[in-house]
Amino acid sequence: MTGWGDSEVVQDKIPEGFEPWGVKDILVPKEFISWKAIVRAVAFLLLAGVLVDWAVLFHVLGWSALAREAGGRCGSGGIGLRPCPRGMAPVLLLAFLWTFAGIGTLGAAAAFAGKAWRRRRLLSCSVFAAGVVLGTAPGLAGYHWLRTGEWKVSAAGPKQPPAPATLHKLWAAPADRPSTVRSEGHWTTADGAVVRVRTDRATAFDAATGAVRWTFPFPGEDALCSMSRDVADGVGLLSYALDGEKCAGVVAVDTTTGKELWHTDRVTDDEATGSGVTIDVLSAAPGVAVLAENADLKGLDLRTGHPLWQTPIDSGCVATGTLAAKTATLVGIDCGDAGRRVLSLNTTTGKQLWQANPPFSGKWKTGPEFLSADPAVVRLDEIGSRGQDVIVSYDATGKQRAAISVSGPDEDVADTVLQAAVSPPFVVSADTLVVPVTVPGAASAGRISGYSLATGQRLWTVDPRAGSTRTGSESVFGVAPDGGAVAVATGKRLLRLDVTTGKVLGSYLNATTSMSPWPDDALAAVGGHYVYLSEDGTGRTPPIAAAAP
C-alpha cells in the first residue's frame, strides 16, 4: 500500500466463516493520495480543533462573566448600564472570530481529505480532539491575560476572586435610649476598642466582646457640638453645650479610661443644635490638639492642654475648618469677596508651610472639605452651574499634584464621601484615594474605586457583587483601613482589597441567620473584627455590632 485512495474490502483473502472485528474496514487503495494532502488534512483538523476550543472557552467564560459582573449587559451610552468589565469587549469579539474561523477551517480540512479519509471517522475525530487538547491551555492563558493582564495557565481556568466565606455576628449592643438620640461619629483605638459618640454621650465598646469599657456622659442637657475626626496618642476631643448656646467648651478624653484629661474654651460662633455636629473645628494629631477659632488657630499639648502656639488669621478672614496630622495641619480660610484658600501649617510650631489657591478662577462654595492632611487632599467645589468640582492633592510645598473630577466619564464619587461627616467612607493610603462610586443610572454607590493621588487617574474599580449568585442592589456604605488593606462593606457582604491594585484579598457574605438586620451607616476594622455602626440605633437595627469570619 503506497497511499490512501478509493478502496475495496478484500474478501477473497479471508478464510470462509472468519470475520474478525473491524475486518470490513480493511481497505485497499485504488487511487493514490499524496502525503502532502494527508499532512494538509491533519494540519487543518488540528487547527480546527484549536479554534473551536478557543471559541467555546471564550463564549462560555465571557458571557458568564458578563452576566456575573455586569448583569448581562454593559456600556457607557445607556441609562442603567454598568461599565463593561475589564477585557470583556475583546473577549467576546474573539469568541465570534474563533467561531467563524473554526467552522471555516473544519470545512477546509474536509475538502482536502479524500473519500477514504472521510470514512476513517475515528481517526479524524482523534486528530480534531488532539487540537482541542492542545488549544485549552493557551486559550485559558489568553482569556486570563485579557481580563487581568497576567499570563497564568491553570487547569481550573482563569483565577477568580476568592469564594466568599461567611461573616458571623459576634455581638450587638441594645437599642439606644431615649429614642431622640443619634450617633454622630466614632473613633477606633489602638487597644482594640470602638468609641461611639452620640448626642448625649461617648461609649467605648470592646471590639472583640462588645463589653462596655467606659461611658463618658455629657453634663446636664448638653448635646454634642463637634468632635475630632481621629484619636491620637489615645486622646480624642469633644465639644458640647446646651441647645442654642455657643460651642465654646473643649474637652480632651483619655480613650483608654474614659476620663477627662483637660478642658478649655475656644472663641467661636458655632451653636449647639441638638442634632448634627460642626465638622473639623477640633483636630487631634500626635502630641498636639488643634482648635479653629474665629480669628486664629491654637495648638495645645494633647495630653495636658498646655498652649504650644497661636497663629492669627488675616484680618477679614475666618477659619472654616482644620485637619491635623503629625507633620502638617490643613486650614480652610474664607476671606469673603477676596475668596477662599487652603493653608498648611507645621503641626508642632504653627508656622505656615504653604498656601494654595483653587485650580480655577471662580469662587468656591463652602469648604474646603478635607480628605487628608498628610498627604494633603481636599475637595474644592466652584460656584456656578458649570463650575468645577474636584478633589485635589498637593505636595509638601503646596504645588498641585493631581485633580480628580468628582463627576468622571463613567462614574461619580459617591455623595456620602462629599457630605461633611466625622466618619466618612473613604481611605487615603499608599498615595491612593479609595472611594465608593456611583455609575450612571444607579441610585446609590454600588462600586469602589482607587485613584492615584500622583496622577489623578483611576487605578482600579471593583464591583462587590462580582462572582456572586445573590441578586438585588447593594450599596457601599462603609470603607475603612484594615491593616495594610482596605475593608469595604455593603448591606450583604464585606471585601478586603489591596489599596493600590484593588485585588480581592478576602470576601465574606453576611450571615443571614444571626441578629439581623445589620447596621449600615459606618464601618470600623479593629484587630480582625469588623464593627458596624448605625446613626439611628433606636429601632430594630442595633446601634453597633461586630462580626468576624
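Modeller: Residues are numbered from 1 along each chain as its sequence is written. The model is predicted, so local features need pLDDT of at least 70 and side-chain atom pairs count only at pLDDT 80 or more, while totals for chains, interfaces and linings use all residues, and side-chain values use heavy atoms, with hydrogens and water left out.

Biologist: Glad to start! Why is Ala356 called buried?

Modeller: Buried means under 20% relative accessible area, exposed over 50%, and partly exposed in between, with a 1.4 Å probe and protein chains only. Ala356 has 5% relative accessibility, so it counts as buried.

Biologist: Which residues is Ala356 in contact with, leaving aside its neighbours within four places in sequence?

Modeller: Contact means heavy atoms within 4.5 Å. By that rule the partners of Ala356 are Arg341, Val342, Tyr394 and Gly398.

Biologist: And what makes the pair of Trp354 and Tyr394 tilted?

Modeller: Rings of Phe, Tyr and Trp (its six-membered ring) pair if their centres lie within 6.5 Å; planes under 30 degrees apart count as stacked, over 60 as edge-to-face and the rest as tilted. The count comes to eight aromatic pairs by this rule. For Trp354 and Tyr394, the centres are 5.3 Å apart and the planes stand at 35 degrees, so the pair is tilted. It links distant parts of the chain, with Trp354 in strand S19 and Tyr394 in strand S22 (residues 389–394), 40 residues apart. Strands (E, at least two residues) and helices (H or I, at least four) are DSSP runs, numbered from the N terminus.

Biologist: Nice. Why does Trp63 count as partly exposed?

Modeller: Trp63 has 39% relative accessibility, so it falls in the partly exposed class. Trp63 lies in helix H1 (residues 35–70).

Biologist: Last one: how do you know that the bond from Asp374 to Pro375 is cis?

Modeller: Its omega is near 5 degrees. Most peptide bonds are trans. Pro375 is found in the loop between strand S20 (369–372) and strand S21 (376–381).
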